[in-house]
Amino acid sequence: MSVRDILIHPDPRLKKVCAPVDDITPDLQRLADDMLQTMYEAPGIGLAAPQVGDLRRLIVMDCVKEEGAEPRPMVLFNPEVVWASDETNVYEEGCLSIPDQYADVERPAEVTVRWIDRDGAGQEERFDGLWATCVQHEIDHLNGKLFIDYLKPLKRQLITRKMVKLKRERARL
Ligand code: NI
């Protein structure tokens with residue numbers, strides 16, 4: 001396994017609609033394993049393939065936060081929300097592609113998601129709490145959408161300008 005570089009917004013690859021996968025090949029399993037390692041190392045609770053420059057429909061996540069609790073690394077190919085609650089939840093979201101920037105985003109409080117797992121088996125599960133927010137945030141990535149796209153234009157532009165500056169500074173190192 002290896003840690004991959006995480007793309008920083010703005011980047012055209014973060015605005016693309018990703019392609020569904022057919023077979024779960026060893027190459028895709030390796031990508032998923034690399035993404036999990038990259039996510040844990042960051043550290044983060046979710047990561048989508050476009051964030052490491054791969055435009056296929058794959059996300060990984062682990063929202064177990066309790067100290068000492070068993071980790072739950074999840075690999076989701078072709079994830080789709082098949083049901084969403086009317087009830088909503090507001091979470092302060094962040095994103096590994098938008099370092100150190102956080103903002104409140106309102107989303108359905110519960111969602112049922114269908115996906116193909118690392119072994120190629122179909123799965124379906126209902127998520128709530130942080131898991132629900134995280135899975136929706138990551139699926140958005142596969143459709144070229146970032147959490148700042150939910151914010152007012154001025155706030156979004158402010159964050160984008162900060163990221164442009166950050167990338168310029170990093171390029172100089
Ligand atoms: Ni993100």
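Is Arg13 buried, partly exposed or exposed? Arg13 counts as partly exposed because its relative accessibility is 36%. That comes from a predicted model, as does everything else I will say today.

Let me stay with Arg13 for a moment. Its side chain meets that of Asp11 in a salt bridge, 3.0 Å from N to O. Asp11 has a relative accessibility of 10%, so Asp11 counts as buried. In general, side chains of opposite charge can pair when their charged atoms come close.

Asp27 and Arg56 form one of them, at 3.4 Å from N to O. This pair links distant parts of the chain: Asp27 is in helix α1, residues 26-41, while Arg56 is in the loop between β1 and β2, 29 residues apart. Asp27 is partly exposed because its relative accessibility is 44%. Arg56, at 24%, also counts as partly exposed. There is a network here as well, with salt bridges linking Asp27, Asp54 and Arg56.

Next is Arg118 with Asp33, where the closest N and O atoms are 2.8 Å apart. Arg118 lies in the loop between β6 and β7 and Asp33 in helix α1, so this pair ties together parts that are 85 residues apart in sequence. Arg118 is partly exposed, at 30% relative accessibility. Asp33 is buried, with a relative accessible area of 17%.

Asp62 sits in the loop between β2 and β3. Asp62 is buried yet has no salt bridge. The nearest side chain of opposite charge is that of Arg72, and it is 7.4 Å away. What does lie by a polar atom of the Asp62 side chain is the backbone nitrogen of Val64, at 3.0 Å. Beyond four places in sequence, the contacts of Asp62 include Met39, Tyr40, Ile45 and Trp131.

On to the strands. β1, residues 46-48, pairs with β2 in the antiparallel sense over three bridges, and in that pairing Leu47 stands opposite Val60. β2 and β3 also run antiparallel, joined by four bridges. Here Leu58 has Phe77 as its bridge partner, and Val60 has Val75. β2 is covered on both faces, with Leu58 and Val60 buried on one side and Ile59 and Met61 buried on the other. β3 in turn pairs with β6, residues 110-116, antiparallel over five bridges. Val81 and Val113 are bridge partners there.

β6 also holds Arg114. Arg114 counts as partly exposed because its relative accessibility is 42%. The side chains of Arg114 and Glu124 are joined by a polar contact of 2.8 Å. Leaving aside neighbours within four places in sequence, Arg114 is in contact with residues including Asn78, Glu80, Val82 and Gln123. From C-alpha to C-alpha, Arg114 is 25 Å from Ile148, and the two are 34 residues apart in sequence.

Last, the metal. Which residues coordinate the nickel ion? They are Cys95 through SG, and His137 and His141 through NE2, at 2.1 to 2.3 Å. Along the chain, the donors follow the spacing C-x41-H-x3-H. Cys95 is in strand β4, residues 88-95, and His137 in helix α2, residues 129-142, so the site draws on parts of the chain 42 residues apart. Cys95 and His137 are both buried.

That is the tour.

Note on methods: Residues are numbered from 1 along each chain as its sequence is written. This is a predicted model: local features need pLDDT of at least 70, side-chain atom pairs count only at pLDDT 80 or more; totals for chains, interfaces and linings use all residues. Side-chain values use heavy atoms; hydrogens and water are left out. Donors are N, O and S atoms within 2.8 Å of the metal (3.2 Å for Na, K and Ca); water is not among the atoms, so sites may look incomplete. Helices (H or I, at least four residues) and strands (E, at least two) are DSSP runs, numbered from the N terminus. Buried means under 20% relative accessible area, exposed over 50%, partly exposed in between (1.4 Å probe, protein chains only). Lys and Arg count as positive and Asp and Glu as negative; His and the chain ends are not counted. A salt bridge is a side-chain nitrogen of Lys or Arg within 4 Å of a carboxyl oxygen of Asp or Glu. A polar contact is a pair of N or O atoms within 3.5 Å; within protein, one must be able to donate a hydrogen and the other to accept it, and residues adjacent in sequence count only if both atoms are side-chain atoms. Contact means heavy atoms within 4.5 Å. Two strands pair if DSSP finds at least two bridges between them.
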